[in-house]
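Here's a quick briefing to read alongside the structure. Have a look at the overall fold first, then we'll zoom in on one residue.

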Amino acid sequence: MDPEGPVLVEGPVEITLDDGTVARSDRFMVAVCTCRRSRAYPWCDTSHRRRERAAAPPEEPEKPELKEPGKPEEGDPS
């Protein structure tokens with residue numbers, strides 16, 4: 001069990017919050033937030049997971065342009 005992860009509870013579930021309101025879920029399995037980072041508290045929205053940005057894809061090297069045979073390149077004094 002992840003100490004910062006949710007607690008999975010078989011539903012339906014009713015949770016009485018600190019302010020007296022009752023949160024209900026009719027799902028067959030409910031993830032209850034234990035870290036209090038969830039924007040959908042008391043339900044887990046995976047906010048406990050570390051957010052890591054994906055690495056940018058490697059840039060491809062530029063391909064040299066092919067010059068036509070017998071034709072001088074730009075800037076070539078020949």
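Helices (H or I, at least four residues) and strands (E, at least two) are DSSP runs, numbered from the N terminus. Going along the sequence, this protein reads β-β-β-β. It's a predicted model, where local features need pLDDT of at least 70, side-chain atom pairs count only at pLDDT 80 or more, and totals for chains, interfaces and linings use all residues. Residues are numbered from 1 along each chain as its sequence is written, and side-chain values use heavy atoms, with hydrogens and water left out.

**The whole protein**

- You'll find 4 strands and 0 helices here.
- Out of 78 residues, 17% count as buried, meaning under 20% relative accessible area with a 1.4 Å probe, protein chains only.
- Take the contacts (heavy atoms within 4.5 Å) with a separation of 6 or more: residues 24 or more positions apart account for 28% of them.

**Zooming in on Ser-38**

- Ser-38 sits in the segment after strand 4 (29-32).
- Ser-38 counts as buried because its relative accessibility is 10%.
- If you skip its neighbours within four places in sequence, Ser-38 touches Cys-33, Trp-43, Cys-44, Asp-45 and Ser-47.

**What its side chain reaches**

- The backbone oxygen of Trp-43 is reached by the Ser-38 side chain at 2.6 Å.
- That Ser-38 side chain also reaches the backbone nitrogen of Ala-40, at 3.0 Å.

Key. Buried means under 20% relative accessible area, exposed over 50%, partly exposed in between (1.4 Å probe, protein chains only). A polar contact is a pair of N or O atoms within 3.5 Å; within protein, one must be able to donate a hydrogen and the other to accept it, and residues adjacent in sequence count only if both atoms are side-chain atoms.
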